[in-house]
Amino acid sequence: MTRQVGLTVHRSASAIGGNCIEISTSQGDRLILDVGKPLDVPEDSEVKLPDTLGLYRPISGVLLSHAHQDHYGLLQALPKNLPVFCGEATAKLIKLSSEIMHEPIDRSFSTWKSDQPFVVGPFKVTPLLTDHSAFDAYMLLVEVAGKRILYSGDFRNHGRKATLVERLMRNPPTDIDVLVMEGTNLGSDKPCKSESDLEEDFVGLFNRTPGRVFVAWSGQNADRTVTLYRACKKTGRTLVVDTYTAEVLELLGEHAKIPRPGWPNLKVVVTKNLSRFYRRRGREEVTERMVKYGISANKLAMTPDKWVVMTRSSLIEDYAAAGVTPDPNEVWSWSMWSGYLDKGHGQKIKDWFEKSKTPSTHIHTSGHASSANLGEFARYINAKKLIPVHGAAWRYDMDDFPSITKIRDGEQLII
Ligand SMILES: [Zn+2]
Ligand SMILES: [Zn+2]
């Protein structure tokens, strides 16, 4: 009897994030790709795993494509004994973020290496390192019962790892039955700037600003840290990061050649509130370790044309107490998605600069492929079916996309 293969998108069939996808066989074997927390829920609200996942039925393994909450955020709701697989740096990032921002994760991860296939029950999995704003993000090729499924995870081809995606397009995996692809940027015709273009934008900004440049970006976005660091080197400035970002850079430094504490043109600002927070979490050794690479916030008030200062809402109070208040000759840049600027932490940062009449500039590029690049990628992969996920603007009849099979959350497609 031939085995049938099913594909179910439990969550994210028509929303950005919260990915939870299942590949199953008629023998009852199940493999889960990502267990994300949806993005459109308030930070502290409780979200459950999708009902249709049915935890009472056995699962062979769970694969996590990368260390973004909308792909792993519901991990703790899974039984502890369930095997979880991900990249090596991804496992470390998930553990670090969980320890600092949420509850520590006390489960073990089996880690994979790019391009090295491994087996989970009847499933053969090949992880393919890709280009995304999260470090160590993967596409996943899953083979089972004669079917081949490629899951794109989140990706782009305008970041610092663009060549990985371009190489895959030039030499695509053959005979793909289903491509499960993200579509974050659908509905916008805007092309996406490359990280190198952004680097030049920052170089211009740093050169023409007489005082400090304040930048708000995500400490986990290693590509952006590299962009800022390179722009600092080109303009003789020093990039000032907080303890958390410094810790992330130390961790990622074990996996790639990226700037880290101890390198020239990089300093760690050690602030009271963040140090207290680290102490409460039993992590004072991190602060102590950073002191030798550190500067106090007071220093940022001196030689102002030297610094590019990381700005987060949690640092503002310490900066203000140390006399680091922006002025109208300086500039601040929001280097994240503009949608985050009008709520919570983003709003607090915006208010701080608006109060001091400091001009702003938005220098950013998306962590996801542009609409045109998504279509091009899908055409190169040339799968028999394209199943959309992680997008709010997917339609059946999209020009430039191969035939789209749209399914609803929880609905199973037999491949
Ligand atoms: Zn995502
Ligand atoms: Zn992501």
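**View 1. Two domains, with C-alpha centres 31 Å apart.** That spacing is between domain 1 and domain 2. Domain 1 covers 5-188 + 368-414 and domain 2 covers 195-362, with bounds that come from an automatic or database domain assignment. Where they meet, domain 1 puts in 13 residues and domain 2 puts in 13 residues; residues are in contact if their C-beta atoms, placed from the backbone, lie within 7 Å. On the side of domain 1 that touches domain 2 you'll find six nonpolar, two polar and five charged residues. Here Ala, Val, Leu, Ile, Met, Phe, Trp, Tyr, Cys and Pro count as nonpolar, Asp, Glu, Lys and Arg as charged, and the others, Gly among them, as polar.

A word on the model: it is predicted, local features need pLDDT of at least 70, side-chain atom pairs count only at pLDDT 80 or more, and totals for chains, interfaces and linings use all residues. Residues are numbered from 1 along each chain as its sequence is written, while chains are lettered from A and ligands numbered from 1 in the order in which they are written.

**View 2. The largest nonpolar core, with 106 residues.** A nonpolar core is a set of buried Ala, Val, Leu, Ile, Met, Phe, Trp, Tyr and Cys residues joined through C-beta atoms within 7 Å. Buried means 20 or more other C-beta atoms within 10 Å of a residue's own, exposed means 12 or fewer, and partly exposed is in between, with C-beta atoms placed from the backbone. Among the members that touch the most others are Leu 63, Val 142 and Tyr 151. Strand β9 (residues 137-144) gives the largest share, six residues.

**View 3. Around Val 142.** Leaving out residues up to four places away in sequence, Val 142 touches Ile 23, Leu 31, Phe 123, Val 125, Ile 149 and Tyr 151.

**View 4. Ala 145, in the loop between β9 and β10 (147-151).** Strands are DSSP runs of E, at least two residues, and helices are runs of H or I, at least four, numbered from the N terminus. Ala 145 has a positive phi, near 45 degrees, though it isn't a glycine. Ala 145 is partly exposed, with 16 other C-beta atoms within 10 Å.

**View 5. Asn 382, in the loop between α11 (371-381) and β19 (385-389).** Phi of Asn 382 is positive too, near 55 degrees, in a residue other than glycine. Asn 382 is partly exposed, with 14 other C-beta atoms within 10 Å.

Key
Two residues are in contact if their C-beta atoms, placed from the backbone, lie within 7 Å.
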